[in-house]
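Welcome! Shall we take a friendly walk through a protein model together?

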Amino acid sequence: MEIYDVDKRVEAFERLGRRMRQVGGESVSETEISALLAEAEAAHPFFTPSQVRYALREWGNNLHKKALQTWLEPYRNAFPLAPSTVLLVMAGNLPLVGFHDYLCDLMAGCNLLVKLSSKDAVLLPFFHRELRKNAPVGSGLNLKEPDPVRFVEQIPAEGFDAVIATGSDTSHAFFTRQFRHLPHLLRHSRHACALLQGGESPRELQALADDILLYFGMGCRSVSKVYVPENYDFQPLLKTLSERGELLRENTAYMHAYAARKALRTVNGQKFLDTGTLLLVEDTALESPLSELHYQTYRTRQEVEEELSLQREQLQCVVGNGYLPFGVAQHPALSDYADGADTLAFLRDFYQGICKAERKSYLCAPKNRN
């Protein structure tokens with residue numbers, strides 16, 4: 001018989017949040033944790049201990065009882081309506097990047113098959129064990145109860161009722177073909193950008209630098225392009241990015257990428273601005289290569305807002321006056337769903353047979369947070 005008690009699951013994740021905050025503390029030096037951080041970095045050179053600890057603190061700060069209860073309140077009576085197994089195919093660009101899907105599915109009462117990215121195959125299994133060690137009996141998550149999660153090395157051909165998968169645009173096309181016969185929530189590449197007006201305060205520029213540089217700029221919420229007014233004075237921004245770039249200088253893989261991009265731009269005679277760790281390149285594309293930040297000038301705010309509206313399907317978030325505050329991009333709340341697709345709503349409708357009956361993909365309308 002399936003064991004499901006939403007209040008006990010909230011308690012289980014609240015306890016996990018405390019453990020994540022503890023491990024995320026810079027002073028924690030447990031031998032097991034040191035080995036964990038070293039193994040995570042060995043699998044992905046950008047999963048440095050400081051970046052992993054930052055991700056753990058962020059998740060730990062989200063997993064408070066009140067925040068979990070508020071997030072779940074609209075769905076408290078929806079789960080579980082039927083025993084179901086969901087296949088989760090996770091990306092690997094950031095530490096614990098698939099944790100939100102894992103959290104959603106377990107809070108909804110699902111059984112999970114989890115296909116991890118080889119670049120991020122260390123952290124989630126460890127914290128799943130931590131969850132089960134500390135979960136209250138009766139939650140369905142305790143070590144004494146059947147484990148609802150199974151980690152798999154390959155995507156199985158069967159044995160699941162729905163699919164949630166995240167990947168690149170290329171893998172998205174594969175997932176669409178592979179899982180067209182099942183209810184599915186499929187995500188592809190998205191990007192973040194910033195709208196500057198000129199005259200931003202030093203504090204705002206420092207916050208923007210975090211939006212750009214955290215996680216080495218590799219997340220869908222990492223600002224990869226800035227819109228600036230014509231005749232914009234770049235010097236304050238360049239100075240701030242240079243000062244905040246110390247963490248980048250410590251990473252050999254990143255600095256190799258930076259040196260390669262700089263050499264390529266130089267050989268091709270292309271103009272760029274240089275902070276010593278990041279190149280600012282004029283380009284209309286939202287996506288920028290590792291170690292580069294694109295910029296584009298605009299004449300009027302209406303002009304840039306029209307362009308942002310046309311690109312809304314490619315954008316994860318926008319920071320700037322009238323949009324998200326600077327410094328918020330890398331601090332998503334529990335209700336900030338990737339691609340604007342409400343995962344809990346997808347699971348609720350799937351359980352109720354809407355997705356299963358119609359055999360179609362499910363993507364809810366993105367929230368207007370601007």
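Here are a few questions and answers about this model.

This is a predicted model, in which local features need pLDDT of at least 70 and side-chain atom pairs count only at pLDDT 80 or more, while totals for chains, interfaces and linings use all residues. Residues are numbered from 1 along each chain as its sequence is written, and side-chain values use heavy atoms, with hydrogens and water left out.

Q: How many helices and strands does the protein have?
A: Helices (H or I, at least four residues) and strands (E, at least two) are DSSP runs, numbered from the N terminus. By that reading, the protein has 14 helices and 11 strands.

Q: What is the mean pLDDT of the protein?
A: pLDDT is the predictor's confidence in each residue, from 0 to 100. In this model 94% of the residues reach 70 or more, though pLDDT stays under 50 over residues 357-370. Where pLDDT is low, the predicted coordinates should not be read in detail. The mean for the protein is 91.

Q: Is F234 buried or exposed?
A: F234 sits in the loop between β7 (223-229) and α9 (235-243). Its relative accessible area is 13%; buried means under 20%, exposed over 50%, and partly exposed in between (1.4 Å probe, protein chains only). F234 is therefore buried.

Q: Which residues is F234 in contact with, leaving aside its neighbours within four places in sequence?
A: Contact means heavy atoms within 4.5 Å. With those neighbours set aside, the partners of F234 are V228, L273, L280 and Y295.
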